[in-house]
Amino acid sequence: MSAVPLWVARPAGASAAGWLRTVDHKEIGVLYIGMGVALFALGGIESLVMRAQLATPNARLVDPELYDQLFTVHGVTMMLLAVVPLLVGFANYLVPLMIGAPDVAYPRLNALSFWLSLVGAIVVYFSWIAGGAPDAGWFSYPPLAERAFAPGPGVDYYILGLAVNGAGTIIGAINLAVTILLMRAPGLRISRLPLFVWMTLVTSFLILGAYPALSGGLVMLFVDRQLGGHFFDPTAGGQPLLWQHVFWFFGHPEVYILVLPAMGMVSEVIPVFSGKPIFGYRFVAASSVAIGFLSFSVWAHHMFAVGLNEFETLLFSVTSMLIAIPTGVKIFNWTATMIGGRIRLLTPMLFAIGFIAMFVIGGLTGVSLAVVPLDLQTTDTYYVVGHLHYVLFGGTMLGVFAGAYYWFPKMTGRLLSERLGRWHFWTAFVGLNLTFLPMHWLGVQGMARRMWTYAADTGWGPWNFVETAGAFVLAVSMAIFALNVVRSLRGGAIAGDDPWDAFTLEWTTTSPPPPENFRTLPAVTSRRPLWDRKHPEMRDAS
Ligand code: HEM
Ligand SMILES: [Cu+2]
């Protein structure tokens, strides 16, 4: 045994060249997470500029053209370039460790995925200095996105960037799915997979179903813009609505691509911090599969206002409401896991509980939007902006923070500070509700989304001011997290292998794990292999 921890001697750790050529899943995971954090910061800055512009009526901080670019790039960033890499990064790092594998199935392909994703993001951002960022919204509807209305290169950078980024994401999904299906430790049957791994598996299939639709649509839009095509051009017999169908066939599953992994993280945190196995494991896993299938059957709920026929309206309204069932199953199971448990209210658990509460709000407003008459009143208003941020910030991001506090010690060997963690949680919780709750009221009062300013006599000023104040509270909250990470990396408490008294395989190896992940693997005879080793008398039979 050498005195120097093995990870210090890693090839990548020492040099930039090492990071460029690494094919280790943990290091690629770290690269992905780094990319996600950087883009999340950019998307956050864009949102702060928008919120500053909207703080008071008749503001002139940015002009309408810039505002269009800001909401477009913010949407693209958050939906595709920031949070997907964050989640894929966690999956990359954790899945092999949680299934007792030395790496992913195709390590070199894994590096390719990451670099394609990053290059795609850079191409999108390059548009800022190459003649103007895209400005047709994150879903880039034609004819607005056609050359006649968006003559600058912004939408072309959007197309090229997302195509390259999407190729990376698709390859990454294949890699994760094959890894989970073929590389599990002996005894780790599918029915014993940790739930984060389950949800990563479902997410991988969602990516494989959804992203190719986006790629195909992007190619068609590119043909329209650059090669004289007319796919979406109504003046030449094209169909603008075709884009909407193709885009939302991707776009709705994308929401679950962002939400399911976060649900998976919460499904790991809640049982450990309740000192109990998850309640209804099979239902939690099966409901993920159900959500996966259903998510491909709801896309036109984004299109109720375009004039669908009665059958389509009814169909997409009903399927959208059906999704509430498997989602409700999960909420029920998490809550039932907590009931009667020995709850340790540490930071990961705080974020997990916050996730449930906020996701319920976002889910309920989602169901309200599936009610077609209500949707027709509120579509393209701030009600929708409020809804989607409860799902994606209140849901996904709080889930990611739960996972970040939970697994940071495994990845770095250091614990994050609980005191700063609590500050981070409560400022995030207060900030997000201040920012996003009043949006529902403004939306119902008629404030349209994507408006760059508003008149004083609308009366929308005060709530907008509250929202902007909330957004800056959120910014402070993110700064507290950054401080926490930096301080812990410098001198946080040493974590040890298993700081949370956890259940699953990743906690049996050192923190951080050695290059080969495991020196010895415990026998897997249940869903909680580490728990069984610690408490042989309480071994469960599943
Ligand atoms: C950091 C806190 C955030 C703030 C303060 C914020 C704020 C905003 C604002 C002001 C808009 C523009 C509304 C409009 O003019 O229509 C917007 C749009 C949007 N945001 Fe955020 N946001 C945040 C985080 C997120 C996250 C985490 C996601 C997704 C993971 C997200 C996804 C979106 C999307 C998809 C749009 C719509 C863009 C479009 O209309 O094309 N946001 N956000
Ligand atoms: Cu949807």
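This is a predicted model: local features need pLDDT of at least 70, side-chain atom pairs count only at pLDDT 80 or more; totals for chains, interfaces and linings use all residues.
Let's start with ligand 1. The ligand is surrounded by 26 residues, and the closest are Ser 47, Gly 75, Met 78, Leu 392 and Arg 449. Which elements give two or more residues to that shell? They are helix H3 (25-54), helix H4 (64-98), helix H14 (382-412) and helix H16 (461-491). By class, the shell around ligand 1 has 14 nonpolar residues, nine polar and three charged.

Now to two of those helices, H3 and H4. Their axes come within 7 Å and cross at roughly 155°. An angle over 145 degrees counts as roughly antiparallel, so that is how H3 runs relative to H4. The crossing of H3 over H4 is left-handed. In the contact between H3 and H4 you'll find 24 nonpolar residues, ten polar and two charged.

H16 has a partner to look at as well: helix H15, residues 418-444. The axes of H15 and H16 come within 8 Å, again crossing at roughly 155°, and the two are therefore roughly antiparallel. H15 and H16 also make a left-handed crossing. Their contact holds 20 nonpolar, eight polar and one charged residues.

Last, helix H6, residues 154-182. Is H6 largely enclosed or largely open? Of its 29 residues, 21 are buried, so H6 is largely enclosed by the rest of the structure. Its length checks out too: at 1.5 Å a residue, H6 should span 42 Å, and its end C-alpha atoms are 42 Å apart, which agrees.

How values were computed
Residues are numbered from 1 along each chain as its sequence is written. Chains are lettered from A and ligands numbered from 1 in the order in which they are written. A residue is near a molecule or strand if its C-beta atom, placed from the backbone, lies within 6 Å of it. Helices (H or I, at least four residues) and strands (E, at least two) are DSSP runs, numbered from the N terminus. Ala, Val, Leu, Ile, Met, Phe, Trp, Tyr, Cys and Pro count as nonpolar, Asp, Glu, Lys and Arg as charged, and the others, Gly among them, as polar. Axes are lines fitted to C-alpha atoms, for helices over the stretch in contact, and angles run from 0 to 180 degrees between N-to-C directions. Angles under 35 degrees count as roughly parallel, over 145 as roughly antiparallel, 65 to 115 as roughly perpendicular and the rest as oblique. A crossing is left-handed if the near helix is turned anticlockwise from the far one by less than a right angle, and right-handed if clockwise. The expected span of a helix is 1.5 Å times one less than its number of residues. A residue is buried if 20 or more other C-beta atoms lie within 10 Å of its own, exposed if 12 or fewer, and partly exposed in between; C-beta atoms are placed from the backbone.
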